[in-house]
Structure formats: structure tokens, C-alpha cells
Amino acid sequence: MGLVTGVVTFLYHLPQIYKWLLKPYYVVSLLMTVAFVAVRKAPGLCEHLASQREDGNSCDFDWREWEILMFLCAIVMMKNRRAITLEQHIGNIILFSKVANVILFFRVDIRLGILYVVLCLAFVMTCKPPLYMGPEYIKYFSDQTIDEELQQDSRVTWIVEFYANWSSDCQSFAPVFAELSLKYNCPGLRFGKIDIGRYGEVSQKYRVSTSPLSKQLPTLVLIQGDRELMRRPMVDNKGRAVSWTFNEENIIREFNLNEILQKSKKLNKSRGLKEEHNDFELEEESNELETRNQTESSESKKDK
């Protein structure tokens, strides 16, 4: 069932996947993902590789390699059951394919294994995954502006994402947070982000650890004025994040976004009525003042 769901998801998002594959990060990742298959099947090269096949055909997979590849497929399907976005699905395939390639290359020839590891390290250091550049209603904070913005109006509720650019989980979550901002952003509910990988003092003040071991990135915090209402994921006594799935449904339910949105609309409506009432009173006062001035002017003319 998981395999069928994965295939259907892949076909549905095929146009989007095609656009991604044109980007350097995904082009290189795809080449590194199929590296062992290409080497094992390459004419003129595969004949020189070691093989445990009984027929001695070194240009085809032996039983151990098939076993590793099947185990890879099982791991990817298990991990993708918890994946939220298409980026996470593709990221899991790329990550575990590289791990499988390392094992397979070291089995065949230790020199090929070392070469592949060096290429992986060079890829990680020089090529970063593309950042989300789609539409959003999100305010990006710095260490100088975050407190001022959050405390400017106590009637405004903020949902703030604490993230780091180097975190793959944060990069995968970016489209989800952007979509929520498009649906729920209003004068009474606003969305913000701050890169605590750059601002260490902010991470300490808001108690969000940037350590990969803590699993706290990304962290969503609901703030009103200077009060923190809630956060996800929660943190246990050992400073590790309690497992929580960052999908749209969970965020809407846990943070009561529908309720906050309705309250904000009512508040804005009442503000609008008050403003109309105040405008009406001002208009009446100005009319009275104008009438009074005209009366006084006419009386002064009569006296003359």
C-alpha cells in the first residue's frame, strides 16, 4: 500500500519534480544516487569489478547487492510514511541512496568507496538545497527587531518559526509554513521567522537549541505581547524535542488557528464599527462648529 501511495504521489507531482531536476543540487544528487548502478552496468568498466555471482557476470548485481538494494527500498518507504512534503520524500531517497552507494562501493573496491565518500563530502560543502522562494505572508526578524515587533501590539498574536538554513527539516517545512501564512495571515494573526543559526542570543532567550542532537528545529512558538502561549515541539527534561509531526493539519489543530482567525475577524469588525462611529461623531461636531460659526458671523453683521 505504501508503495502504491508513493507511486501515485510521484506521478501527481511529476511536473513539479521535473522543474526541480533542472536545478544543480538535484541534478548532482540524482547522479550520485544512481552512481553504483551506472558503474555496475557501464560497458568496459563493469568487467573489472569484483562479483560474487556464480556465473561470473560482473556486469550484473549479485545476491548481496540485491539484498542491500531491497533493504534500501524498505527503509525509504518506512521513512517516507512520516514525510510531509515532496521535498522530504525526495530528500529521504537521496540520503539513503547515498548510504547504500557507500556500502556497495566499499564491497566492490575500497578505492571506489573512498572516492565516493570524498565526492559526497565535496557535494555537501559546495552545493546547498534550493531555498523556498514561493508566495508567503511572513515577517523575517533579526535579533534587533524581533522583540520590538512582537511587543508592538498586545492584541496581535504571532506564530513564529525558529529555524536554521542548514537544517534540512526546516527547508522541508518552509512550503508548509508559507501555505499557512497565505491562509491565516490577518491583522490579528501574523506569521514570523527568525534564523537562530545566525542569532545565537535569540536562541538562548527563547530556549530553542540549535544542536542537531536536540531535534528542536524547526520550532513553532505562539506569542501574544510578551507572553508565550504554546510551542511545538515540546522539550523533555533532557533537552530533547518530543516527537511531533509538522504537517498543516497538526499545526491548525494544535495552535487553534481557525479560532484565532475568527476572533481576529470579530475584533477587526468591532474596530471598524468604532472607527465609523468616531468618524460620524467627528463629522457631526464639525457640522455643529460650522453652523455656529455661520450664526456668529451673521449676528456680528447685524450688530454692525
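The legends below describe close-up views of a predicted model.

**Figure 1. Overview of the predicted protein chain.** The protein has 304 residues, of which 36% count as buried. Its secondary structure consists of twelve helices and five strands. Among contacts with a separation of 6 or more, 64% join residues 24 or more positions apart. The accessible surface comes to about 19,500 Å², and carbon and sulfur atoms account for 58% of this area.

Figure 2. Helix α3 spans residues 24–33. Its buried residues are Y25, Y26, S29, M32 and T33. These lie on the same side of α3, because they cover an arc of only 125° around the axis. P24 and L31 are exposed on the other side of the helix. An α-helix has 3.6 residues a turn, so residues three or four places apart point the same way.

Figure 3. Leaving aside residues up to four places away in sequence, S29 touches I94, K98 and F123.

**Figure 4. A nonpolar patch on the surface.** The patch is formed by F106, I110, I114, V117, V118 and L121. Together these residues have about 520 Å² of accessible area. Helix α7, residues 110–126, supplies the largest share of the patch, with five residues.

**Figure 5. L121 within the nonpolar patch.** L121 lies in helix α7 and is one of the residues that form the nonpolar patch. The relative accessibility of L121 is 52%; L121 therefore counts as exposed, for which the cut-off is over 50%.

Figure 6. The average pLDDT of the protein is 80, and 79% of the residues score at least 70. Over residues 273–282, however, the pLDDT is below 50, and the model shows zero contacts for this stretch beyond near neighbours in sequence. Residues 299–304 also have a pLDDT under 50. For residues 299–304, the model has zero contacts beyond four places in sequence. Where pLDDT is low, the predicted coordinates should not be read in detail.

How values were computed. Residues numbered from 1 in each chain as written. Predicted model: local features only at pLDDT ≥ 70, side-chain atom pairs only at ≥ 80, totals over all residues. Heavy atoms only, no water. Patch = residues over 30% accessible without salt bridge, like charges linked within 9 Å, V, L, I, M, F, W, Y side chains within 5 Å. Areas by Shrake-Rupley, 256 points an atom, 1.4 Å probe, with all protein chains shown as cover. Salt bridge = Lys/Arg side-chain N within 4 Å of Asp/Glu carboxyl O. Helix = DSSP H or I, 4+ residues; strand = E, 2+ residues; numbered from the N terminus. Buried < 20%, exposed > 50% of the residue type's maximum accessible area, 1.4 Å probe, protein only. Contact = heavy atoms within 4.5 Å. Arc of directions from axis to C-beta. pLDDT = per-residue confidence, 0-100.
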